[in-house]
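Colleague: Could you show me how to read a few features of a protein model?

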Amino acid sequence: MYEPIRTKSVHTMTEPGPGVPHRSREEELDIQLAGHLTALLTVTDELRALAPAPTLDDAAQRLADRVTRLRAGRAPLRAAPTTTSATPAHIAALHQRAHTLAGRALVVATSRGDATATALAAERLESHAAALGIGG
């Protein structure tokens, strides 16, 4: 009635060839953590432009240092802030975004076993939670 399938399914995993790079779990976690911390750094830079504070300056420097270490000495690209003035709602939205990113970084840093990044992410998570008035 039906023609039997004679070719492999497109969903079948094939063995990668010799030219395909392989990354370990640790390398994948490094890439993820660097990405989350870079995104957190971008939001932190935005907050620094809108609501300058020495704690944000310190956090931005520590985030940049950690990303540089994770990326084998390559410093993260830093974007210029998109605006110079904002409403309290916009600043709260940035704190919410930073809180979310710090949480993601915390999960990956914990999975990776990186005590320094875990402490940094937890500190940023608490700081943004305090700015939002959440947490206990």
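This is a predicted model: local features need pLDDT of at least 70, side-chain atom pairs count only at pLDDT 80 or more; totals for chains, interfaces and linings use all residues.

Modeller: Residues are numbered from 1 along each chain as its sequence is written, and side-chain values use heavy atoms, with hydrogens and water left out.

Colleague: Is threonine 44 buried or exposed?

Modeller: Buried means under 20% relative accessible area, exposed over 50%, partly exposed in between (1.4 Å probe, protein chains only). Threonine 44 has 0%, so it's buried. By contrast, threonine 55 has 54% and counts as exposed.

Colleague: Where does threonine 44 sit?

Modeller: Helices are DSSP runs of H or I, at least four residues, numbered from the N terminus. Threonine 44 is in helix H1, residues 25-50, whereas threonine 55 belongs to helix H2, residues 54-70.

Colleague: Which residues does threonine 44 touch?

Modeller: Contact means heavy atoms within 4.5 Å. Leaving aside residues up to four places away in sequence, threonine 44 touches Leu56, Ala60 and Leu63.

Colleague: And which residues touch the most other members of the largest nonpolar core?

Modeller: Such a core is a set of buried Ala, Val, Leu, Ile, Met, Phe, Trp, Tyr and Cys residues joined through side-chain atoms within 4.5 Å. Here the largest has 25 residues, and Leu33, Leu37, Leu40, Val43 and Leu63 touch the most other members. H1 gives the largest share, 9 residues.

How values were computed: Helices (H or I, at least four residues) and strands (E, at least two) are DSSP runs, numbered from the N terminus.
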